[in-house]
Amino acid sequence: MKTFPLNAWYVAAYDVEVKAALLARTICNEKMVLFRRKDGSVAALEDACWHRLLPLSKGRLHDDQITCGYHGLVFNGDGRCTHMPSQETINPSACVRSFPVTLKHRFVWVWPGDPALADVSKVPDLHWNDHPEWAGDGRLITVKCDYRLVLDNLMDLTHETFVHGSSIGQQALAEAPFVATHGDRTATVTRLMENIDAPPFWAGQIQRAKGYEGKVDRWQIIKFEAPCTIAIDVGVAEAGSGAPQGDRSQGVNGYVLNTITPETDST
């Protein structure tokens, strides 16, 4: 039984990772090779030559086409063979699978399932990542576990009290009540903590940004979108300034953006 749906958008790379060069990635047990075309778009192909299954990522890229490093078959970004050495006629079945790709919010998203179902409107909203009013960055982290264990970690942030006690954890977090809601493809966990001492990280943030020292109202709003994207709205504000009701002008606010791509069943 599959541990992940194939008919979904998954992040294969940051946009800056994909250049005019061959990049091998495994997404949902599918070995892929990605490259950026001259027009800036990204191609994602099955990483196996039609002829003898040598990984195409071991070949070379030239003029938006991959030449296999074994016998020199050439494939374009749509997966179609455009040249076979030593023969004039190209076998019409000579092609490799091409995966739908879209670029959004500084990520390269691929669809490993049925290409007819690939709807770009279903790409998760991570707009903070490239919004001019927000600054941020991130990195690729490879974890040796079922991707659902990472989802579990991020949806229940009470672990911060015990795992991150010297930075963002505090007892008030473990004790605070929460509200959980869900839709067809979403789930949200909201936790508000009012009139508490700020943990070290947030105390430093609000002191530098606002010059404030004292009690704070703290919030964590965890938004999950199936199958694997979580955006966490976090921050603190001066106690009693209206942050729980939506006025964050007297506080500091961040978003922790996570998209947890299954590589294999265990990574």
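Which residue stands opposite Ala187 in strand 12? His182 does. The model is predicted: local features need pLDDT of at least 70, side-chain atom pairs count only at pLDDT 80 or more, and totals for chains, interfaces and linings use all residues. Residues are numbered from 1 along each chain as its sequence is written, and side-chain values use heavy atoms, with hydrogens and water left out.

Five strands form an open antiparallel sheet, ordered 11-12-13-14-15. Strands are DSSP runs of E, at least two residues, and helices are runs of H or I, at least four, numbered from the N terminus. Two strands pair if DSSP finds at least two bridges between them. Strand 11 (178-182) and strand 15 are the edges, each pairing on one side only. The twist averages 10° from one strand to the next. Five bridges join strand 11 to strand 12.

Now turn to helix 1. This helix spans residues 147-155, and Tyr147, Leu151, Leu154 and Met155 are buried in it (under 20% relative accessible area, 1.4 Å probe, protein chains only). Seen down the axis of helix 1, the buried residues fall within an arc of 95°, so they line one face. The arc is that of the directions from the helix axis to the C-beta atoms. Leu149 and Asp152, on the other side, are exposed (over 50%). Cover for the buried residues includes strand 12 (186-196), strand 13 (216-225), strand 14 (229-238) and strand 15 (251-259).

A further sheet remains. Three strands form an open antiparallel sheet in the order 1-10-9. Four bridges join strand 9 to strand 10 (residues 107-110). Leu103 stands opposite Val108 in strand 10.

Definitions and conventions
Contact means heavy atoms within 4.5 Å. Axes are lines fitted to C-alpha atoms, for helices over the stretch in contact, and angles run from 0 to 180 degrees between N-to-C directions.
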